[in-house]
Each structure stands twice: as C-alpha cells, then as structure tokens.
Amino acid sequence: PLDAVFIDEQGKPVTLGQLIDRPTLLLPVYYLCPASCSFDLANLADAVRKSTRPPGSYKVISLSFSTAEDTAVAAAAKPNYTNLLPASFPPEAWSFLTGSEDNIQRVTRAIGYTFKKQADGNFIHPSAMAVLDKNGQIIKYVYGAFLPGDVDLALSEAEQGKPATSIRRFLSFCFSANPRQNQQVLSLIKMGAMTLLALGALWFILFLRKKRPTPN
C-alpha cells in the first residue's frame, strides 16, 4: 500500500510511495523495545556499512508498529544507528517512521508480518525484514541477523525486480523480559535435567546387573 501515510523522524507526513523509489529494505520494529529490536537495527546498520552497493542506490525504512511511539522517539532512535554508517551514506536514505494503527496494519499485513502486544506494553514479534523493489513489490525476506552478504544479494535481486526465494537461516522472536518467569522456567529445566540424569543412572545400574554372569 504505497498510499499509506506515516510520520518521519522530522515530523513530516510521507507516503510509502514517496520513499520507495528504488530498492528498499523495510524493517518493522519498535524503537523502545527492551530486547532484540536494537540488535536488529544495529545488525542492519552493520550490513549497510559493509554493503558493496553504491550509497544512495537503495533506501532503508524502519517502521514502528507501536502506536505509542511518536516523532520524538523516532528522532532519538535514528542517530544511534545512522552514526554507525560511513559518511558517504545519505542520512535521508534511512527513514524512521511512526504512524496510525490503520496504516501500520495495512503495511504489516501486506508483508505478512505479525506482532502481539503484551500486558506490559511490549511486543512479541519476529526478526524479519522485507526487501522491496522500486515499485513496492516484495522481492524477498531476510531473517535473523541480517548478514551483509544476504542483504546485498537481496538488494541486487530487488534491483532486477524479480521475486526470489527467501532462505530462512534462523527466525528468532523478541519476547518481553520477565525475570521471575524466566527463573521458574530455568528451575523446571534444571529439575527435568536432574530427573533424566537420575533415570539414566538407574537404567545403567540395572543394565550392569542384568549383564553380570550368573554363578554355576
């Protein structure tokens, strides 16, 4: 939906059609994420920094799917990642967007991206990026750590405008941190491991007794 309207980090309303005029990396995140989003953005910045594609030959869009985030949040987030890029990369080529629930849903549904808000205000969501051609057509997806080689290959395919196969190297999910719950899970894992160890030892002892030769 190239007519979907968002607000960029400068507070200006823009449509996706105004931004997507060349191969584009579209990464759904939320900027105040306490877990993996910052790593996703940093990995993407690293892939852009190491890219062999000419600076300015493609666009990058970070799209917040949290309606609680506004221009101020996007503006504060942007330099954390664009400062990692070489001086030759145009700052305007990476947009940090926020928007309404309606437009967020239109875009995320169009690319098949799902997320779920939790009671604490954080979200469960995958680490996945859509790669688009200059017309907004989905060419492929890049998953996980956004390796520079994968990103460059996807941009090359987007330049050709031909949808390509997406290799799912590793699809990770971002979960809210809950120390108490995590401790309970860890305790259950430890108890399970100890039970398995005890059962293994018991089986081994019974096996040895069974193999012991019977006296004549």
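Phe146 is found in the loop between strand 9 and helix 5. Helices (H or I, at least four residues) and strands (E, at least two) are DSSP runs, numbered from the N terminus. The model is predicted: local features need pLDDT of at least 70, side-chain atom pairs count only at pLDDT 80 or more, and totals for chains, interfaces and linings use all residues. Residues are numbered from 1 along each chain as its sequence is written, and side-chain values use heavy atoms, with hydrogens and water left out.

Phe146 is buried, with a relative accessible area of 1%. Buried means under 20% relative accessible area, exposed over 50%, and partly exposed in between (1.4 Å probe, protein chains only). The phi of Phe146 is positive, about 55 degrees, although the residue is not a glycine. Most residues other than glycine have a negative phi. Gly144 lies in the loop between strand 9 and helix 5. Gly144 counts as buried because its relative accessibility is 9%. Its C-alpha atom is separated by 8.5 Å from that of Pro126, 18 residues apart along the chain.

Helix 5 covers residues 148–160. An α-helix has 3.6 residues a turn, so residues three or four places apart point the same way. Gly161 follows the helix, with a positive phi near 75 degrees.

A salt bridge joins Lys140 and Glu157, with the closest N and O atoms 3.0 Å apart. The term requires a side-chain nitrogen of Lys or Arg within 4 Å of a carboxyl oxygen of Asp or Glu. This pair links distant parts of the chain, Lys140 in strand 9 and Glu157 in helix 5, 17 residues apart. Lys140 is buried at 7% relative accessible area. Glu157 is buried at 17%. Salt bridges that share partners also join Asp21, Arg22 and Lys59 into one network.

The structure holds 8 salt bridges. In one of them, the side chains of Asp21 and Lys59 meet at 3.3 Å, N to O. Asp21 lies in the loop between helix 1 (16–19) and strand 3, and Lys59 in strand 4 (residues 59–64), so the pair ties together parts that are 38 residues apart in sequence. Asp21 is partly exposed at 40% relative accessibility, whereas Lys59 is buried at 12%. Asp46 forms a salt bridge with Lys50, with the closest N and O atoms 3.2 Å apart. Asp46 is partly exposed at 23%. Lys50 is partly exposed at 46%.

His125 lies in strand 7 (residues 123–126). His125 is buried, with a relative accessible area of 1%. Its side chain makes a polar contact of 3.1 Å with the side chain of Tyr113. Such a contact is a pair of N or O atoms within 3.5 Å; within protein, one must be able to donate a hydrogen and the other to accept it, and residues adjacent in sequence count only if both atoms are side-chain atoms.

The chain contains 6 helices and 10 strands. Buried residues make up 40% of its 216 residues.

Key:
The expected span of a helix is 1.5 Å times one less than its number of residues.
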